[in-house]
Amino acid sequence: MSLKRVLGASTALTLIAGASLAQDTTITIATVNNGDMIRMQGYTDQFTAETGIGVEWVTLEENVLRQRVTTDITTNGGQFDIMTIGMYETPIWGANGWLVPLDGLSEDYDVDDILPAMRDGLSHDGTLYAAPFYGESSMVMYRTDLMEKAGLEMPHAPTWQFIREAAAAMDDPDAGINGICLRGKPGWGEGGAFITVTGNSFGARWFDEDWTPQFDQPEWAEALNFYVNLMNDYGPDGYENNGFNENLSLFQQGLCGMWIDATVAASFVTNPDDSEVADSVGFALAPNSEGVDRKANWLWAWALAIPAGTQQADAAQTFIEWATSTDYIELVAENEGWANVPPGARSSLYENPDYIAVPFAQTTLDSINAADPTNPTVDPVPYVGIQFAAIPEFAGIATEVSQEFAAAYAGQQTVEEALEKAQAITTEAMEAAGY
Amino acid sequence: MARAVTTRRKALNTAIAWTIGLLIFFPILWTILTSFKTEAVAIANPPVFLNFDWTLENYRVVMERSDYMRFLWNSVIIAGGSTVLGVIIAVPAAWSMAFVPSRRTKDILLWMLSTKMLPAVGVLYPIYLLCIQLGLLDSRIALVVILMLINLPIIVWMLYTYFREIPGEILEAARMDGASLKDEILYVLTPMAVPGIASTLLLNFILAWNEAFWTLNLTSVDAAPLTAFIASYSSPEGLFFAKLSAASTMAIAPILILGWFSQKQLVRGLTFGAVK
């Protein structure tokens, strides 16, 4: 009896929900739990009031979101009208015909205002498939007070050699201060991303033009040895387990002299509510090894895309135009201040004197401009992407490779062994994939 | 002398039991404590245990941002529906295996259990496609059926174990008194197995409540339960441990309270076979 009631009630509720959806246009958006995204959810009522389009949010953890939207888009499930995806997925999904091209955006939207690096990274064959909601690169965040105490001055564009010197000078184990904090956590988007851009800045690359893996080349050995020695000498204990959030926590508590990570972290470490060192943080471009013309900075955007299976592409595009417009940026600035607007997507934001006065704005822009996803390494490569290669196989391979590297960080194997395994893993996977 | 040793041993056993109990409970306690901290205190090093300014701010933010009651209602329907449906199917199955076993009963039981050995992700795409075809994506009905099927082997096994402890002669006597098969199961077997059925219900309700693969992958808006509610507070860029803890506390509170009030029943049911 109770089962009948339960099933009956749930069926009735489903029908009622279905009927109410049919009356108005309501779009469903899958997104991640990032500060800027959550803030956008707060302004949804304004969008609905302006357009009459209702919005349902499905907020998920990044990895769950990736699995969820990938399942849905590959099966044409039609669960979402807008998906929040990144620079890695966009060109691959666009090439597969899984996304609606954003080539019919209105004139008011001013698509040319999107930062060129972002537009290139979110396009395939010159067609834009996702609009950036916010973009980021990576940069050096450092303690100005410790730097001064050490008698050093951080240049706007430091080298790795200077970073090591500064880490040595700021390292103070007795006070619990680590000279430098960097990502080591396995995962292609965590430690994998960081070591890939570090490799770029030493002249290394993932593949040559024939898709042959390059971990047996001296540039990778130099890059990985440098990283491991730097972190073993001046990094925190157990750094092989640290990702963005762990390092953010260490830096905010004043336990790191320097931290090289996403530009979006700048607003967290300078927020006095959460950070003990908010008043003494400086910013510089990500480093490169002396004589190498590539920096260890990446490029990423959380962008809004329309899956090809949606029945409400027009309403979805209306939302995307609203959420990634200059008007939206002004709306947030008006209510919450310029430091809280979504950064890194539009050129006009960096021409605004109010925004450029924010301490980290200029370095963020310079970092984004210094990143070129179509030309990420010293030697030519057949792929697009800086901290990744935009091919479907990359995520799996890079996660495995980063696990081998993390084992070297933990001292479970040597750098040479880790590189040998990385070469073998990548070669096998690429051959199996038919490259 | 013997009495003293027994008392000392008793005290020792109690101390060990409490230590293990506290160790198991500590992560939950820490989550609850963190939910009352500010984000800055939540990540403080060394960690702060009790000496902080307690705040309800995280709960306020979570309640403001999410429709908690909708997630809770979905969890109740999905966990409750799948458990009840599972028991309705499992009682006759366990009865036949316990009282009229065939040569293949043991094999069937093992085969049923072997379905639990397949990683869920292995059948994600077939199930997802089936749900699309049947129009059941993001519906509670799909999850009730799927979670019932996932837990069915455990339910059958548990009930089979309890039923085997009941003397077959009692059922035989009922039959001799003219009880039909339905009467035998409903009015003779079931009342005698109430502790076992109750603990099976409780355990499977908890398993279904905490299931976080299918409930995340097959829902979006309408059928999303509390597991989706928690997942929405985990962040790759930004420290929201205190809010995540508040969301987790709100998600586990109902099941924790249920477990607390029914622990006697649960323990009795779980040890039913052992003390016979």
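A salt bridge is counted where a side-chain nitrogen of Lys or Arg lies within 4 Å of a carboxyl oxygen of Asp or Glu. Across the interface of chain A and chain B, this rule finds 1 salt bridge, and Glu56(A) forms a salt bridge with Arg70(B), with 3.9 Å between the closest N and O atoms. The model is predicted, so that local features need pLDDT of at least 70 and side-chain atom pairs count only at pLDDT 80 or more, whereas totals for chains, interfaces and linings use all residues. Residues are numbered from 1 along each chain as its sequence is written, chains are lettered from A in the order in which they are written, and side-chain values use heavy atoms, with hydrogens and water left out.

Between the two chains, 13 residue pairs are in polar contact, both residues being at pLDDT 80 or more; a polar contact is a pair of N or O atoms within 3.5 Å, of which, within protein, one must be able to donate a hydrogen and the other to accept it, and residues adjacent in sequence count only if both atoms are side-chain atoms. On the side of chain A that touches chain B, α1(A) gives the most, with 9 residues, where helices (H or I, at least four residues) and strands (E, at least two) are DSSP runs numbered from the N terminus. The contact (heavy atoms within 4.5 Å) takes 46 residues from chain A and 42 residues from chain B. The area buried between these chains, that is, the accessible area (1.4 Å probe) that two parts lose on being put together, summed over both, is about 3600 Å², and carbon and sulfur atoms give 59% of it.

Within chain B, the domain assignment, which is automatic or from a database, gives domain 1 (7–59) and domain 2 (61–270). The centres of these domains, taken over C-alpha atoms, are separated by 29 Å, and 13 residues of domain 1 of chain B are in contact with 15 residues of domain 2 of chain B. About 1100 Å² is buried between the two domains, with carbon and sulfur atoms giving 68%. In domain 1 of chain B, the most area is lost to domain 2 by Glu39(B), Asn58(B) and Tyr59(B), together 49% of what that side buries. Glu39(B) also forms a salt bridge with Lys243(B), the closest N and O atoms being 3.0 Å apart, and the count between the domains is 1 salt bridge.
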